[in-house]
Amino acid sequence: NAELSAEMDHKKSLIRDIIIRSLSSKTFEEVSTMKGKDRLKDEIVNKINDVLADGQVRNIFFTDFVVQ
């Protein structure tokens, strides 16, 4: 909805920080399987929803997933 979109735009830096911190806290072993990626998605969604007031994120999609 429009309210959630506006809030996400306003909190873009915070949301990026949440995503970066979540991704960088994981080991290769934790994200190398589909189950691990699904857990990571759930973690990111939950952390983002914790900071939102005008709605909630239901799902996120990885378009690229590179592990070094």
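View 1. Arg21 is exposed, with a relative accessibility of 57%; exposed denotes over 50% relative accessible area, buried under 20%, and partly exposed the range in between, computed with a 1.4 Å probe on protein chains only. Arg21 forms a salt bridge with Asp17, and the closest N and O atoms are 3.0 Å apart. In a salt bridge, a side-chain nitrogen of Lys or Arg lies within 4 Å of a carboxyl oxygen of Asp or Glu. Asp17, at 34% relative accessibility, is partly exposed. Both residues belong to helix 2 (residues 12-24), where they are four residues apart, about one turn of the helix. Helices (H or I, at least four residues) and strands (E, at least two) are DSSP runs, numbered from the N terminus.

The model is predicted: local features require pLDDT of at least 70 and side-chain atom pairs pLDDT 80 or more, while totals for chains, interfaces and linings use all residues. Residues are numbered from 1 along each chain as its sequence is written, and side-chain values use heavy atoms, with hydrogens and water left out.

**View 2. The salt bridge of Glu7 and Lys11.** The side chains of Glu7 and Lys11 meet in a salt bridge at 2.8 Å, N to O. Glu7 is buried, with a relative accessible area of 7%. The count of salt bridges comes to four.

**View 3. A salt-bridge network that includes Glu43 and Lys47.** Salt bridges link Lys26, Glu43 and Lys47 in a network. Between Glu43 and Lys47, the closest N and O atoms of the salt bridge are 3.1 Å apart. These two residues lie in helix 4 (residues 34-51), four residues apart, about one turn of the helix. Lys47 is partly exposed, at 37% relative accessibility.

**View 4. Helix 4 and its buried residues.** Helix 4 has 18 residues and reaches 26 Å from its first C-alpha to its last, close to the 26 Å expected at 1.5 Å a residue; the expected span is 1.5 Å times one less than the number of residues. Its buried residues include Leu40, Ile44, Val45 and Ile48. Among the elements covering the buried residues of helix 4 are helix 2 and helix 3 (28-31).

**View 5. Lys41, a buried residue of helix 4.** Lys41 lies in helix 4. Lys41 is buried yet has no salt bridge, and the nearest side chain of opposite charge, Asp38, is 5.0 Å away; Lys and Arg count as positive and Asp and Glu as negative, whereas His and the chain ends are not counted. A polar atom of the Lys41 side chain lies 3.3 Å from the backbone oxygen of Ile60.

How values were computed. Contact means heavy atoms within 4.5 Å. A polar contact is a pair of N or O atoms within 3.5 Å; within protein, one must be able to donate a hydrogen and the other to accept it, and residues adjacent in sequence count only if both atoms are side-chain atoms.
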